[in-house]
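Q: Could we go through the salt bridges in this one together? I'll ask as things come up.
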Amino acid sequence: MGHRETPRERTQAMVVDDAGIVVVGAGLAGLRTAEGLRRHGWEGLVTLVGDEAHMPYTRPPLSKKLLLEGGDHTGVELRRRDSEHPLRWRLGRRAVASDLDACSVTLDDGTVLRYQGLVAATGVRARRLPESLGGPRAVLRTLDDAQALAGRLRPGARVVVIGAGFIGCEVASTALARGCAVSVAAIDELPMAAALGPLVGAELRRRHSAVGVDFHLGTGVASVDEGGVVLSDGTRLAADVVVEAIGSRPATDWLAGNGLDLADGVVCDEFLRLGGRRGTVGVGDVARFPNALYDATPRRIEHWQVAVDTSLYAAAVLVGDLTGRPPEKPFGTVPTFWSDQAAVNIRALGQPALATDVEVLEGELSGAAAIGYRRDGRMVGVVLLGLPKRMGFYLKHLTDDLAAATH
């Protein structure tokens, strides 16, 4: 599928390298953007830089199937599309700096890659609690993290998950399925309420509690030691395994010094260009962009499907910038994501977090249900608890409503 860097090539530090289009980030978004460049006619060199040693893999199974059943890279590796113009890989290398005026990216071994076009696809890193809290704490972001954690989730193990977002609740469900005793502690009053609102958050807490998850919400963490976690209200939770799942932070440090807005990811324009700069694009979790189907406010959306959608669009924009073909219309998408936890499959469409009003559209909240999310009377999202066969119906309904509102 392409050229992988040899040990000899890795020793050639400080070499200024003509790298064609440089894709910084070798995950889902980076790979699909690189492949999109080929589909849009780019025949020049494409260089992918990734800080992990693994070829691109998909992350959703890390907190679900791989953590439950174990496995290795072969079980999560992304399928790569063949091309007569292979991709060039620089794996195990991290971008540490960039100069967008000089069209260059510097790697952690000192190599400088000069580019014709740039793709920012570095995604996010796990957010960590302060080291001063002490104690051994695991995170779940990479394949290596998942493999290390899976080996510790033995029947009878006491697991404390810090954080009640999607990853935290998925880890809790998986640990419970492996026979662990599970507690979840978080400063949030309800699980997943920031993304899904208090109505659904309360129902999901009920379902998790019903199958055995012990919640300690509305409280912080005071300290961690070899035997467990002390919460800010004085409660001590005994633990053999402590998992931090307190969110993520965009990997944008390598873009500093270029006059870009990096307050929460890298701000892109309506065509996904970094700060509106032609010949550069941002994709996936690291990009903060306006969504033409919603409004002009740039937002980051950490979903698998958005990584794919932004990649396909950005590839066309970048090739157009380099060949004189401007994009025809701004980027717009209806985000979709899913989560398996507490004996329920959750599918979310659109952007429920933007809602001002929430109502049950179909079914019963305590069973299978469709929940609608509206902002100022306009539908902005739908969440399905079960009802997998209704996803197509609600996705079309939501897409049509959003499209009609933008015309």
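Q: Is Asp253 buried, partly exposed or exposed?
A: In this predicted model, Asp253 counts as partly exposed, since its relative accessibility is 41%.

Q: And which residue does Asp253 form a salt bridge with?
A: The partner of Asp253 is Arg125, and the closest N and O atoms of the two are 3.5 Å apart. Arg125 belongs to strand β10 (residues 124-126), whereas Asp253 sits in the loop between β19 (248-250) and β20 (266-267), so this pair ties together parts that are 128 residues apart in sequence.

Q: What about the accessibility of Arg125?
A: Arg125 also has a value in the partly exposed range, at 22% relative accessibility.

Q: Switching to Asp240, which residue does it form a salt bridge with?
A: Asp240 pairs with Arg158, with 3.0 Å between the closest N and O atoms. Because Asp240 lies in the loop between β17 (236-238) and β18 (241-244) and Arg158 in strand β12 (residues 158-162), the pair ties together parts that are 82 residues apart in sequence. Asp240 is partly exposed at 39% relative accessible area, and Arg158 counts as partly exposed at 37%.

Q: Then Asp269 and Arg273, buried or exposed?
A: Both Asp269 and Arg273 are buried, and they form a salt bridge in which the closest N and O atoms are 3.9 Å apart.

Q: Which residues are linked with them in a network?
A: Arg278 and Asp321 are linked with Asp269 and Arg273 in a network of salt bridges.

Q: How many salt bridges in the whole structure?
A: A search of the whole structure gives 27 salt bridges.

Conventions: Residues numbered from 1 in each chain as written. Predicted model: local features only at pLDDT ≥ 70, side-chain atom pairs only at ≥ 80, totals over all residues. Heavy atoms only, no water. Salt bridge = Lys/Arg side-chain N within 4 Å of Asp/Glu carboxyl O. Helix = DSSP H or I, 4+ residues; strand = E, 2+ residues; numbered from the N terminus. Buried < 20%, exposed > 50% of the residue type's maximum accessible area, 1.4 Å probe, protein only.
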